[in-house]
Amino acid sequence: MDELDVEIVRLLQTDARQSNRELARKLGIAPSTCLERVRTLTRRGVIRGYHADISLAALNRGVQGLVAVKLRVSSRPFIDAFQEFASRLPEVLSVFVISGDDDFVLHVAVQDLDHLHAFLIDRLSKRREVAGFRTSVVFQQVGNPVLDRLDDPHPTP
């Protein structure tokens, strides 16, 4: 990505609803050039979609948790099967396959602590492949909505 691509990505992360004409004006380029750049970034998989940032509380998901899950067997079939299972659960926002003592971290959002407890007992503990889990309740979440490209630590000469 060149500097123009980086700036397009930054501006779209700030406001993905802006028109192509407005984006081109901010960049100081022709709208046709801007449109072609955005299309190319999309084809290359840099831009993967446009999303609305919805309040979890508005969706009756006021309690978030991070659940570290350890499987009995850490082999590909078990990991793939659990990942598929967990990703389909309505309470799960994200599934992370991780290294270390645990195999997964699930980011979940539910109505309240009672529902979090029910999720753990009724969904996770009943899975035969789950050896155990640890849960942390999220009190606050701060995200970085605009990500910049990091420099290559080992540039080629």
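Contact here means heavy atoms within 4.5 Å. The model shown in these close-ups is a predicted one.

Figure 1. Let us start with Leu 27, which is found in helix α2. Is Leu 27 buried or exposed? Its relative accessibility is 16%, so Leu 27 counts as buried, the limit for that class being under 20%. Setting aside neighbours within four places in sequence, Leu 27 is in contact with Leu 4, Glu 7, Ile 8, Leu 11 and Cys 34.

**Figure 2. Helix α2 packed with helix α3.** Here we look at α2, residues 20-27, together with α3, residues 31-43. The two helices pack at an angle of about 105°, and their axes are 8 Å apart. How are α2 and α3 oriented to each other? They are roughly perpendicular, because angles of 65 to 115 degrees fall in that class. From α2, the residues that take part are Asn 20, Arg 21, Leu 23, Ala 24 and Leu 27. They meet Pro 31, Cys 34, Leu 35 and Val 38 in α3.

**Figure 3. Helix α1 packed with helix α3.** Helix α3 also packs with α1, which spans residues 3-14. In this pair the angle is about 85° and the axes are 11 Å apart. Helices α1 and α3 are therefore roughly perpendicular to each other. On the α1 side, the contact is made by Leu 4, Asp 5, Ile 8, Val 9 and Leu 12. On the α3 side, Arg 37, Val 38 and Leu 41 make the contact. Keep an eye on Asp 5 and Arg 37, as the next view returns to them.

**Figure 4. A network of salt bridges around Asp 5.** Side chains of opposite charge can pair when their charged atoms come close. Which residues are linked in this network of salt bridges? They are Asp 2, Asp 5, Arg 37 and Arg 44. Asp 5 forms a salt bridge with Arg 37, with the closest N and O atoms 2.8 Å apart. Because Asp 5 lies in helix α1 and Arg 37 in helix α3, this pair ties together parts that are 32 residues apart in sequence. Asp 5 is buried, with a relative accessible area of 7%. Arg 37 counts as partly exposed, at 24% relative accessibility. Asp 5 forms a salt bridge with Arg 44 as well, and in that pair the closest N and O atoms are 3.9 Å apart. This pair links distant parts of the chain, 39 residues apart, with Asp 5 in helix α1 and Arg 44 in the loop between α3 and β1. Arg 44 is partly exposed, its relative accessibility being 48%.

**Figure 5. The salt bridge of Arg 88 with Glu 84.** The salt bridges in the model come to a count of 10, and this view shows one of them, formed by Arg 88 with Glu 84. The closest N and O atoms of the pair are 3.4 Å apart. Arg 88 is exposed, with a relative accessible area of 57%, whereas Glu 84 counts as partly exposed at 44%.

**Figure 6. Asn 60 and its positive phi.** Where is Asn 60 found? It sits in the loop between α3 and β1, the strand of residues 63-71. Phi of Asn 60 is near 60°, a positive value in a residue other than glycine. Most residues other than glycine have a negative phi. With a relative accessible area of 48%, Asn 60 is partly exposed.

Figure 7. Asp 102 counts as buried, since its relative accessibility is 12%. Not counting residues up to four places away in sequence, what does Asp 102 touch? Its partners are Ala 68, Val 69, Lys 70 and Arg 134.

**Figure 8. A nonpolar patch on the surface.** We finish with Leu 113, Val 137 and Phe 139, which form a nonpolar patch on the surface. Together these residues have about 360 Å² of accessible area. Val 137 has its place in strand β4, residues 130-138. At 36% relative accessibility, Val 137 counts as partly exposed.

Conventions. Residues numbered from 1 in each chain as written. Predicted model: local features only at pLDDT ≥ 70, side-chain atom pairs only at ≥ 80, totals over all residues. Heavy atoms only, no water. Buried < 20%, exposed > 50% of the residue type's maximum accessible area, 1.4 Å probe, protein only. Patch = residues over 30% accessible without salt bridge, like charges linked within 9 Å, V, L, I, M, F, W, Y side chains within 5 Å. Areas by Shrake-Rupley, 256 points an atom, 1.4 Å probe, with all protein chains shown as cover. Salt bridge = Lys/Arg side-chain N within 4 Å of Asp/Glu carboxyl O. Helix = DSSP H or I, 4+ residues; strand = E, 2+ residues; numbered from the N terminus. Axes fitted to C-alpha atoms, helices over the stretch in contact; angles between N-to-C directions. Parallel < 35°, antiparallel > 145°, perpendicular 65-115°, else oblique.
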